[in-house]
Amino acid sequence: MKTQVAIVGGGPAGSTCAMFLAREGITSVIIEQETFPRYHIGESMSGECGAILRRLGLEADMTSRQHPIKRGLTVYGTGGKNAWYVPVKGRDANWNHFEQYTWQVRRSDFDKMLLEEAGTRGANHLRGRATKPLLSDDGSVRGVQVRTADGGLLEVESEILLDCSGQTTFLANAGLTGPKYRGSYDKQIAVFSQVAGGIRSEANSGDTLIFYKDKYHWAWFIPLDDEVVSVGVVIPAAYFIDKKESKKDFLLRELDELNPECKRRLPQLQLVEDVHVIPNYSYQVRRFCGKGFICVGDAHRFIDPIFCVGLYVAMKEAEEVGPVIKAYLDGAHRDAANPFAEHQRYVEKGIDILEDMIDTFWEYPLAFAVFVHQRYTEQMIDVFAGRLYERQPSPALIAMRTLLQRERSYDSDDEYSVPIGSRFHPERAAIWEAESLPVQATEEWMPQYGPR
């Protein structure tokens, strides 16, 4: 099989890539093993994530499917006190804020909608599991080998291979990228499920609620429809292990004890979904672009899920990659050692901003609240929305980096965005290893790509 672009992964990153590539007149094949709909977390959208769906012409579809409307996010401090709220707002052509909204999504329904829409717009869907990248004699990527649904092996030849495999990091696991480092939050795990009922935000019933207990210890509350709410707890893995409880007992006890406001909003914990676990949330892949390939979204970096930006980063990078690939196919940077070096730097700059914001929240929570509500309100609203790639660094970002005593330079081709866990010394950064996971994942999709 031959195509201009092969896409490993049919989640939001892959489907969105295919749709924006179609706008450029570029054909693609999406390789996906799982049958949709399938369960997945990552249900809350930032403001700019909603804007991407509008640019794709999908607002009417989102409305007709009655996804809950999200107008903001509230964080409740320890003891259920000192809550602060961040509204969803857009920016107009004159860079003035205006009232905006985005959505919460049940990923089983949302991901299926995107994959089907990508097919409607011209993408081919190949049912199968990507097993290994295909390499030319000079080491450049020329496609991917696929184990098809009937058990056969198929070579999909392409000019560009996009890794949209999410946390399975297909190309990093194949050794094609640079090292995959542990991130700052690599010892975290999430334990999560769905519950019926729950007392929702009084300001807007579709809003996200975050309940803080202690450093690196918090819970989420995300409405999925009129009855069901996604709930989860993120904690250090050592804490979970020390409790010696089953996943279900642990989650039910934590939701009852973690924060009084969480307990008030979940008076009856009626689970309507199995309890799931994902360990080792945080990692960073170096040199995730190269000759014939680009990694998108979680396939190269994930920091911490607290402010619900993972879905946005994946879809934003998918939007940006369309014109980058079009330029490459038209002849741009064909002879460069890394034809996509500029795109790689652009992407890392944006995620660095998220990392600096999240680190400031965990290390300096009181200063962070002052930044949000007093000193840099409009600029912090922009970061929460996902406006990471324009008018940065803002005074708010400079202030956060000053607190963190962190400098960012993007002059050197391979020394920017060095993993924070290394304290800016790559030789001291810990390499991510699947065998080092302290808790077994429940999600079959995590190890599904690569040799078996």
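This is a predicted model: local features need pLDDT of at least 70, side-chain atom pairs count only at pLDDT 80 or more; totals for chains, interfaces and linings use all residues.
Q: What does the Lys326 side chain meet in a salt bridge?
A: Its partner is Asp330, and the N to O distance is 2.7 Å.

Q: And Asp330, buried or exposed?
A: Exposed, since Asp330 has 57% relative accessibility.

Q: OK, how about Asp352 and Arg408, how far is it from N to O there?
A: That salt bridge between their side chains comes out at 3.4 Å. The two come from distant parts of the chain, 56 residues apart. Asp352 sits in helix α10 (residues 341-363), while Arg408 is in the segment after α13 (395-404).

Q: Are those two buried or exposed?
A: Asp352 is buried, because its relative accessibility is 0%. Arg408 has a relative accessible area of 16%, so it counts as buried too.

Q: Which residues are joined with them into one network?
A: Salt bridges with shared partners connect Asp352 and Arg408 to Arg301, Glu348, Glu355, Asp356, Asp359, Arg401 and Arg406.

Q: How many salt bridges does the count come to?
A: 38 salt bridges. One of them joins the side chains of Arg106 and Asp225, at 2.5 Å from N to O.

Q: Why does that pair tie parts together?
A: Because Arg106 lies in the loop between β8 (102-103) and α4 (107-120), whereas Asp225 lies in the loop between β15 (217-223) and β16 (228-236). Those parts are 119 residues apart in sequence.

Q: How accessible is Arg106? And Asp225?
A: Arg106 is partly exposed, with 24% relative accessibility. Asp225 is partly exposed as well, at 25%.

Q: New topic: how many residues are in the largest nonpolar core?
A: It has 107 residues. Those with the most contacts inside it include Phe110, Leu162, Phe307 and Met380. Helix α9 (residues 310-329) gives the largest share of this core, 10 residues.

Q: Why would nonpolar side chains be together like that?
A: In soluble globular proteins, they tend to be buried together.

Q: What does Leu162 touch?
A: Leaving out residues up to four places away in sequence, Leu162 touches Val5, Ala6, Ile7, Val8, Cys17, Leu21, Ile294, Val321 and Ile325.

Q: What's in the second core?
A: That one is separate and has 22 residues, among them Ile189, Val191, Leu209 and Leu255.

Technical notes
Residues are numbered from 1 along each chain as its sequence is written. Side-chain values use heavy atoms; hydrogens and water are left out. A nonpolar core is a set of buried Ala, Val, Leu, Ile, Met, Phe, Trp, Tyr and Cys residues joined through side-chain atoms within 4.5 Å. Buried means under 20% relative accessible area, exposed over 50%, partly exposed in between (1.4 Å probe, protein chains only). Helices (H or I, at least four residues) and strands (E, at least two) are DSSP runs, numbered from the N terminus. Contact means heavy atoms within 4.5 Å. A salt bridge is a side-chain nitrogen of Lys or Arg within 4 Å of a carboxyl oxygen of Asp or Glu.
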